[in-house]
Amino acid sequence: MGKPKPMRPAPALALVVALTAVAGCGEVAPLRVEGAAPQSGATRGPVYAADAMGQPLGRPAHFALTEHASLSSLSWRGWGGPQAVATGRVGGMWCLPGCASSGYPATVELSGLEHHERVSYYTRATVRSADLPPDRARELRDVPLPVPAP
């Protein structure tokens with residue numbers, strides 16, 4: 001027969017011994033955190049704006065903002081940050097017959113970036129246009145955008 005192999009303590013037993021030694025050492029030093037805090041505004045994954053039907057859209061050229069107002073010919077100057085701004089046109093059934101086919105020139109700002117597990121959504125839209133009737137301008141000043149359920 002050969003020479004017996006020396007026995008080594010099992011890793012679990014070593015862990016128990018180490019934890020027992022630490023627990024018996026008295027007070028634990030306070031936790032100290034160093035370094036910069038994570039950026040809360042950092043985008044996680046793709047960024048979308050949902051249309052009036054809740055369909056997620058990324059940098060849309062056009063979309064239904066509400067049941068009665070739509071945006072078209074959008075040209076985005078930014079996307080994915082705290083605000084996204086575009087120029088384009090706004091219209092709807094309310095502007096018949098004058099602007100139904102082309103709408104009014106407008107600037108659109110999306111804001112309220114809300115982060116979910118792997119995506120982010122803009123939650124507010126503001127539409128500005130010097131040509132909008134006063135009641136429509138008020139209605140489109142702060143439009144909540146839907147956020148699809150994960």
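**Thr123**

I looked up Thr123 and asked: is Thr123 buried or exposed? Its relative accessibility is 13%, and the cut-off for buried is under 20%, so Thr123 counts as buried. I note that the model is predicted, and my values are computed from it.

Where is Thr123 found? I find Thr123 in the loop between β8 (120–122) and β9.

Next I listed what Thr123 touches, leaving out residues up to four places away in sequence. Ser111, Gly112 and Glu114 are among the residues touched. Val143, Pro144, Leu145 and Val147 are on the list as well. Of these, Ser111 falls within the residue range of β6 (104–111). Val143 and Pro144 make up the range of β10 (143–144).

**The sheet**

I then traced the sheet. What is the order of its strands? I read β3-β4-β5-β6-β9-β10, an open sheet of 6 strands with antiparallel pairing. Its edge strands are β3 (63–64) and β10 (143–144), and each pairs on one side only.

**Strand pairs**

- How many bridges join β5 to β6? I count 7 between β5 (residues 84–91) and β6 (residues 104–111), and the two strands run antiparallel. Here Val85 has Glu109 in β6 as its bridge partner.
- β6 also pairs with β9, over 5 bridges in the antiparallel sense. I looked up Leu110 and found Ala125 in β9 as its bridge partner.
- β9 (residues 124–128) pairs with β10 over 2 bridges, again antiparallel. Which residue in β10 stands opposite Ala125? I find Val143 there.

Val143 in turn is touched by Thr123.

**Whole protein**

Last, I took the overall numbers. I count 2 helices and 10 strands in the protein. From the N terminus on, the elements run α-β-β-β-β-β-β-β-β-β-α-β.

What share of the 150 residues is buried? I get 29%. I also checked contacts with a separation of 6 or more: residues 24 or more positions apart account for 41% of them. The protein exposes about 10400 Å². Carbon and sulfur atoms supply 58% of that area.

Definitions and conventions:
Residues numbered from 1 in each chain as written. Predicted model: local features only at pLDDT ≥ 70, side-chain atom pairs only at ≥ 80, totals over all residues. Heavy atoms only, no water. Pairing = 2+ DSSP bridges. Helix = DSSP H or I, 4+ residues; strand = E, 2+ residues; numbered from the N terminus. Buried < 20%, exposed > 50% of the residue type's maximum accessible area, 1.4 Å probe, protein only. Contact = heavy atoms within 4.5 Å. Areas by Shrake-Rupley, 256 points an atom, 1.4 Å probe, with all protein chains shown as cover.
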